Amino acid sequence: MESAMEKVQSCVVENGVDFKSCHMQKFKLYETRSRFYLFGRDKSRTLWKVLKIDRLEPSELNITEDTTLYSETECCGLLKRIDEGNKSTGGLKFVTTCYGIIGFIKFLEPYYMLLITKRRKIGTICGHTIYAIAKSELVPIPHATVRTKMAYSKDENRSLVNFACNCNMSIVPLESDKR
């Protein structure tokens with residue numbers, strides 16, 4: 001059995017992105033007023049990575065990958081620090097568990113993140129499990145307090161609803177949108 005340190009040492013780092021043995025399998029999405037934090041873990045639950053997505057730009061997409069590989073304990077500590085550092089603006093809130101990001105889409109103004117929230121096994125190829133997307137969710141990136149009137153326009157809503165219906169997905173209501 002390979003130790004966590006051996007896994008870290010065996011990772012190939014190219015342009016700040018880890019490849020090879022550092023494949024993330026499952027993710028948890030958290031939100032603060034200013035950022036989304038996507039925490040991903042590997043299959044053995046020994047390595048964790050974080051993707052930070054800025055929420056303060058109404059029409060731009062700013063994503064940063066934290067190049068640090070964390071242990072589960074270090075991730076818990078990081079979550080606590082993020083929550084404490086954001087107490088004045090509502091703290092850190094859990095949004096959803098997912099299996100990957102399909103991509104980002106922009107209709108008229110705000111970007112949306114398209115997540116795989118449910119999967120089903122459909123087979124294996126050379127010992128690797130193949131999954132189909134069983135459920136997906138569309139999450140608006142900008143926080144409700146920075147979205148412009150365009151984000152709530154009839155045209156934006158029509159585009160959003162048509163897209164969601166055609167792709168058989170649900171739209172996630174965020175804490176910031178429930179006010």
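Which side chain meets E65 in a salt bridge? K49 does, at 3.2 Å, N to O. A salt bridge here puts a side-chain nitrogen of Lys or Arg within 4 Å of a carboxyl oxygen of Asp or Glu. This is a predicted model: local features need pLDDT of at least 70, side-chain atom pairs count only at pLDDT 80 or more, and totals for chains, interfaces and linings use all residues. Residues are numbered from 1 along each chain as its sequence is written, and side-chain values use heavy atoms, with hydrogens and water left out.

**Confidence**
- The protein chain averages a pLDDT (the predictor's confidence in each residue, from 0 to 100) of 79.
- At least 70 is the score of 69% of the residues.

**Salt bridges**
- The count comes to three.
- E31 and R55 pair at 2.6 Å, N to O.
- E31 lies in strand β3 (residues 24–31) and R55 in the loop between β5 (48–54) and β6 (63–70), so the pair ties together parts 24 residues apart in sequence. Strands are DSSP runs (E, at least two residues), numbered from the N terminus.
- Both E31 and R55 are buried. Buried means under 20% relative accessible area, exposed over 50%, partly exposed in between (1.4 Å probe, protein chains only).
- K49 is buried because its relative accessibility is 8%; E65, at 27%, is partly exposed.
- D83 pairs with K87, the closest N and O atoms being 3.0 Å apart.
- K87 is exposed, at 53% relative accessibility.

**Strands β9 and β10**
- R120 sits in β9 (residues 111–125) and is partly exposed at 48%.
- I130 sits in β10 (residues 128–140).
- The C-alpha atoms of R120 and A132 are separated by 5.4 Å.

Key: Helices (H or I, at least four residues) and strands (E, at least two) are DSSP runs, numbered from the N terminus.
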